[in-house]
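Q: I would like to learn how to read a folded chain. Could we go through it together, one feature at a time?

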Amino acid sequence: MSTNREINAQRIVVKIGTSSLIHTNGTVNLQTFDQLAYVLSELNNQGKELILVSSGAIGVGLNKLNLKQRPTEIGAQQALAAIGQSELMTLFTQRFNHYLTNIAQILLTHDVFDFPKSDESVMDTFNCLLKDNIIPIVNENDTVATDELDHRTTFGDNDQLSAIVASHVDADLLIVLSDVDGFYDDNPNQNPNAHLISELSVINDNTFTIAGGTGSRFGTGGMKTKLAAAKRMISENRQMILANGNDPRIIFDILEGQPIGTLFTSNGKLTQGV
Ligand SMILES: Nc1ncnc2c1ncn2[C@@H]1O[C@H](COP(=O)(O)OP(=O)(O)O)[C@@H](O)[C@H]1O
Ligand SMILES: N[C@@H](CCC(=O)OP(=O)(O)O)C(=O)O
């Protein structure tokens, strides 16, 4: 039987992927939006400091234009993200207003922290918002993001962006919510015999080989970028938990220490490479 974990988190970054926000039929998952707003508002009321990194701009944009397929051309995807981002924030604003919580939008690229001036100004913004109990909602600035190696066919990686943010704001915990229960020893959507790994403290080349592609039609990162985010967190002695975002109320259980999802930690009892 798994024992409870010790989770003492005051400053928390939560990342939610497209696969949790958009149904497989392309429509918006209103229940997830609502529960996410409820959980984060309640934790904010309890005095925790929260930052939400949310994907979904492209998914919401596709739904808005009633398109079934994500276009292959990068410019068209960026245009969709521009359409979807304002709609995404409208959905969050409505739900967070319902729970009397103020939110703010921050659009970032991976490299902003490499430049001391922009790093300082981003950090000032985060700190001002958190001091006033306003929840920053971060997405990659898809219009200008050019950080991917193959920028002709792919862009956008909020998994690693969430780790960069967690690192810079000195967060105690990064929670990554996706459409799977955690990290498995094989892609669970392709292998029904795949086993959930409950704790991992070493991520090496072998680990990356058991991370397949994306599961959803609209998600971009897949498991590899989640592992890259976890690797960064482990190297900085921070904790990351990957769990299912189908019901974001799972965050309450995670913070209570229940053994949910996969915990990536440098000081785990089960020191194990996969
Ligand atoms: N070893 C693995 N363990 C869990 N999921 C995996 C693994 N390898 C590949 N995946 C896939 O990663 C998907 C999650 O990534 P993605 O679709 O990008 O989600 P999100 O939109 O939440 O970022 C899962 O649906 C699953 O199909
Ligand atoms: N910035 C893009 C998605 C980037 C991304 O990392 O997507 P996902 O794999 O669903 O977390 C968007 O908002 O659609």
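**Reading the strands, helices and cores**

A: Let us begin with strand β7 (residues 239–244), where 6 of the 6 residues are buried, so the strand is largely enclosed by the rest of the structure. Buried here means under 20% relative accessible area, exposed means over 50%, and partly exposed lies in between (1.4 Å probe, protein chains only). Helices (H or I, at least four residues) and strands (E, at least two) are DSSP runs, numbered from the N terminus. This is a predicted model, in which local features need pLDDT of at least 70 and side-chain atom pairs count only at pLDDT 80 or more, while totals for chains, interfaces and linings use all residues. Residues are numbered from 1 along each chain as its sequence is written, chains are lettered from A and ligands numbered from 1 in the order in which they are written, and side-chain values use heavy atoms, with hydrogens and water left out.

Q: Which strand is joined to β7 by 6 bridges?

A: Two strands pair if DSSP finds at least two bridges between them. Strand β5 (residues 173–178) runs parallel to β7 and is joined to it by 6 bridges, with Ile175 partnered by Ile241. Strand β8 (residues 262–264) pairs with β7 in the antiparallel sense over 3 bridges, and there the partner of Ile241 is Leu263.

Q: In what order do the 8 strands form the sheet?

A: The open sheet has the order β3-β4-β2-β1-β5-β7-β8-β6, and its pairing is mixed. Its edge strands, each pairing on one side only, are β3 (103–108) and β6 (199–200).

Q: How many residues does helix α8 have, and how far does it reach?

A: The expected span of a helix is 1.5 Å times one less than its number of residues. Helix α8 (residues 222–235) has 14 residues and reaches 21 Å from its first C-alpha to its last, close to the expected 20 Å. Its buried residues include Met223, Leu227 and Met233.

Q: Which residues touch the most other members of the largest nonpolar core?

A: In soluble globular proteins, nonpolar side chains tend to be buried together. A nonpolar core is a set of buried Ala, Val, Leu, Ile, Met, Phe, Trp, Tyr and Cys residues joined through side-chain atoms within 4.5 Å. Of the 39 residues in the largest core here, Val13, Leu108, Phe126, Val165, Phe183 and Phe264 touch the most other members, and the largest share of this core, 6 residues, comes from α8.

Q: Is Ser167 buried or exposed, and what does its side chain contact?

A: Ser167, which lies in helix α6 (residues 158–168), counts as buried because its relative accessible area is 12%. Its side chain makes a polar contact (a pair of N or O atoms within 3.5 Å; within protein, one must be able to donate a hydrogen and the other to accept it, and residues adjacent in sequence count only if both atoms are side-chain atoms) with the side chain of Glu236, at 3.1 Å. His168, also found in helix α6, counts as partly exposed, because its relative accessibility is 28%.
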